[in-house]
Protein chains: 2
Amino acid sequence: MSSAVSPLAPKRYPKMPKIEGVRIAAAEAGIKYRNRKDLMVMVFDEGTEAAGVFTRSKCPSAPVEFCRKNLPGGKARILVVNSGNANAFTGRRGRESTEVTARAAAKAVGASEGEVFLASTGVIGEPLDAGRFSHLLGELAKRAEPGAWEEAARAIMTTDTYPKLVTATARLGDAEVVINGIAKGAGMIAPDMATMLSFVATDAPIAAPVLQELLSKSTAKSFNTVTVDSDTSTSDTLMLFATGKAAARGAPRITKATDPRLSGFRRALGKLLKALALQVVRDGEGARKQIEITVSGAKSARSAKRIALSIANSPLVKTAVAGEDANWGRVVMAVGKAGEPAERDLLSIWFGDHRVAHEGERDPAYSEEQVSAYMKGDEIEICVDLGLGRGKATVWTCDLTKEYVAINGDYRS
Amino acid sequence: MSSAVSPLAPKRYPKMPKIEGVRIAAAEAGIKYRNRKDLMVMVFDEGTEAAGVFTRSKCPSAPVEFCRKNLPGGKARILVVNSGNANAFTGRRGRESTEVTARAAAKAVGASEGEVFLASTGVIGEPLDAGRFSHLLGELAKRAEPGAWEEAARAIMTTDTYPKLVTATARLGDAEVVINGIAKGAGMIAPDMATMLSFVATDAPIAAPVLQELLSKSTAKSFNTVTVDSDTSTSDTLMLFATGKAAARGAPRITKATDPRLSGFRRALGKLLKALALQVVRDGEGARKQIEITVSGAKSARSAKRIALSIANSPLVKTAVAGEDANWGRVVMAVGKAGEPAERDLLSIWFGDHRVAHEGERDPAYSEEQVSAYMKGDEIEICVDLGLGRGKATVWTCDLTKEYVAINGDYRS
């Protein structure tokens, strides 16, 4: 497996501010990796509200089932995340493992087990021995401190080549509130409801049902628009925690999703989730190029998104971009196979600003040379107009390179 | 692009018998390839009945639309196939090209344009200049002879590394009838109704509506169960021609699909189509292993097939097989993402005879060493039992190797 950092990695990581009411710690539990931290806890002050979205896989991991059970309570005091083992497809032993961990975590912060949230990422099918790390939780909770966001982002990495961190601020009433988010993921990425692991915290005083609505809607426009390899994970988890501490600085407590004062926060949260999701794509296994695919003129937004994902998940489109070829014939193929309304003779296709196909034929005006130069860049935009209606959608993916095959096929040989 | 023959190629090609009423010729038209034949005609005696199934792509090629138009007539006198250019997404010029070709083909055999069938395979979006080869058709029709099946199979190849030929016989009444078939395809293979190009001929006297029913049903169990890369072609065409010449040897003329005398022919046709489809998988771009995936215990056969295809099209499952790793965690993932009824804790998974997972957990009895040895073979069977119902399906695919990425991404670099 290559350890080189993705060429699409950010040039530098943001300095993450504190979120009042959130403390973080990480440790080396030796679950699978050596010489790196693989266990992370996020401790929340009393009164923290929680929201979450999870994988729609029919074979979800034990921690996903555990979180789903606690979510209706809407309260969080501690989040425990390990990397190296997904605790997925581990049957009865998987449930025992989450129970042991939850008990130790609840004790560590003096909370009930209903206020604990868990996530695991790594290999599927290996039993996760909670005894390896549950005894560490008390000490971790004690030494947790507000500044450890980058350490947290690194502790949850698996095949990621860089930690994913985004911070934002928003006006809420007369106060400024802070939102911090981290994510991990590089392969098995085709979010369906949520994605891989991502944790976001804010000091805004927002009630859990409102948080949930904000999160679900923002997910549809961020994580649910990215795909690396069309393979939806068993462990996708995205959670949002709100400590409410900004109330002391005058931020109003929000209890209705329709509250007009939410608009700034909603926008900031949406941008932050989108930025995290794009960081995941840019760290897609073997990725050398980011691809943005916009489909317009579809019968509906839903139809546009299906066609966009058909293009984004096509191995032939992805290998063509890897080969720096504006192979729009393969885009036509991917439109055609999507099963959605499309009319060949109305189709137009652009690579960047270059229209390569128009009304069902090659655009006679396009310059092969200019398009070839465009394809050498590391951010490629493909636009397709179907000419049928007003439905529109944009999704993001990365190219498919030999390195993806090496990462996922050579690890044993 | 590699020119090495697939390691899964047949050791030798079958000797193809004549089909009375069918004559074949091929030529170098220089459409794209140099120093190889790229144009093939199959000439049928008067009275030949025809059936066909075609891509369900919403962006079908011009020849597919042309064939669809002629199919209701049920009569064929000539088939013209070129490789190197798919005449797909070529708009008005694509239709002009099929018209010019059809006119020349009809003239070459003294038939009506309604008895002409056309197929093209190769690059998408390039106009196909019929002037390059339509003048050759008269001479080709004249020199066509019954023994040129292998030449025909070679003339329709694109990225194929070997020609695909299958022959079979069947009892029909008191006579023995012959069935010959050829196919091409290596990438952009995820048949949806039919697949790539395949042409089958028989001397059996079977009426067109009966042929059509036989072909549609057999396709569901042959070509529509294979996938190389999940990318459905714009040009998928499978046609079956029956010259009826075996009537002179005493074969009864069949005009009803329910005729009990059809059973032997039906079985032989089914086996032949399946053999051709498997040859396509075994020549999948970059393939080193054939993978057979059986899903049982599903709620319905349709559900079983969707789950089987979800496994077969998963890049992570395919790269794991390439790496000779029995990574059943990825099989669980692919079952989970299929969106079909599944219960994690009822799931069992086998690689060959080795049960690796049982009732939602790793099977404690399986030997890693034995499974590893099994994975070194070049024909891998994966079985999944869902434990829910009686639905069952089997599909075939190949592994995903760096060679696939090279073939589809490196061709310009």
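Which helices of chain A do the buried residues of helix 11 of chain B pack against? They pack against helix 8 (315-322) and helix 11 (402-409) of chain A. The model is predicted. Its chains A and B superpose by a rotation of 180°, and 54 residues of chain A are in contact with 54 residues of chain B.

**Symmetry**

**Interface**
- Contacts join 54 residues of chain A to 54 residues of chain B.
- On the side of chain A that touches chain B, two or more residues come from each of helix 2 (91-109), helix 8, helix 9 (328-337), strand 13 (361-362) and helix 11 of chain A.
- Helix 9 of chain A gives the most to that side, with seven residues.
- By class, the side of chain A that touches chain B holds 19 nonpolar, 19 polar and 16 charged residues.
- The copies meet through the same surface, because 100% of the interface residues of chain A are also interface residues in chain B.

**Helix 11 of chain B**
- Helix 11 of chain B covers residues 402-409 and is mostly covered, with seven of its eight residues buried.
- The buried residues are B:Lys402, B:Glu403, B:Tyr404, B:Val405, B:Ala406, B:Asn408 and B:Gly409.
- Their packing partners in chain A are helix 8 and helix 11.

**Helix 2 of chain A**
- The end C-alpha atoms of helix 2 of chain A are 28 Å apart, which agrees with the 27 Å that its 19 residues should span at 1.5 Å a residue.
- Buried here are A:Gly94, A:Ser97, A:Thr98, A:Thr101, A:Ala102, A:Ala104, A:Ala105, A:Ala108 and A:Val109.
- An α-helix has 3.6 residues a turn, so residues three or four places apart point the same way.
- The buried residues of helix 2 of chain A pack against strand 2 (39-44), helix 1 (62-70), strand 4 (78-85), strand 5 (116-123) and helix 3 (137-143) of chain A.

**Nonpolar core**
- The largest nonpolar core has 292 residues, and A:Val41 and B:Val41 touch the most other members.
- Beyond its neighbours within four places in sequence, B:Val41 is in contact with B:Ala25, B:Ile78, B:Leu79, B:Val80, B:Leu137, B:Leu140, B:Ala141 and B:Ala144.

Conventions
Residues numbered from 1 in each chain as written. Chains lettered and ligands numbered in written order. Predicted model: local features only at pLDDT ≥ 70, side-chain atom pairs only at ≥ 80, totals over all residues. Core = buried A, V, L, I, M, F, W, Y, C linked by C-beta atoms within 7 Å. Buried ≥ 20, exposed ≤ 12 C-beta atoms within 10 Å, placed from the backbone. Contact = placed C-beta atoms within 7 Å. Least-squares fit on C-alpha atoms with pLDDT ≥ 70 in both. Helix = DSSP H or I, 4+ residues; strand = E, 2+ residues; numbered from the N terminus. Nonpolar A, V, L, I, M, F, W, Y, C, P; charged D, E, K, R; others polar. Expected span 1.5 Å × (residues − 1).
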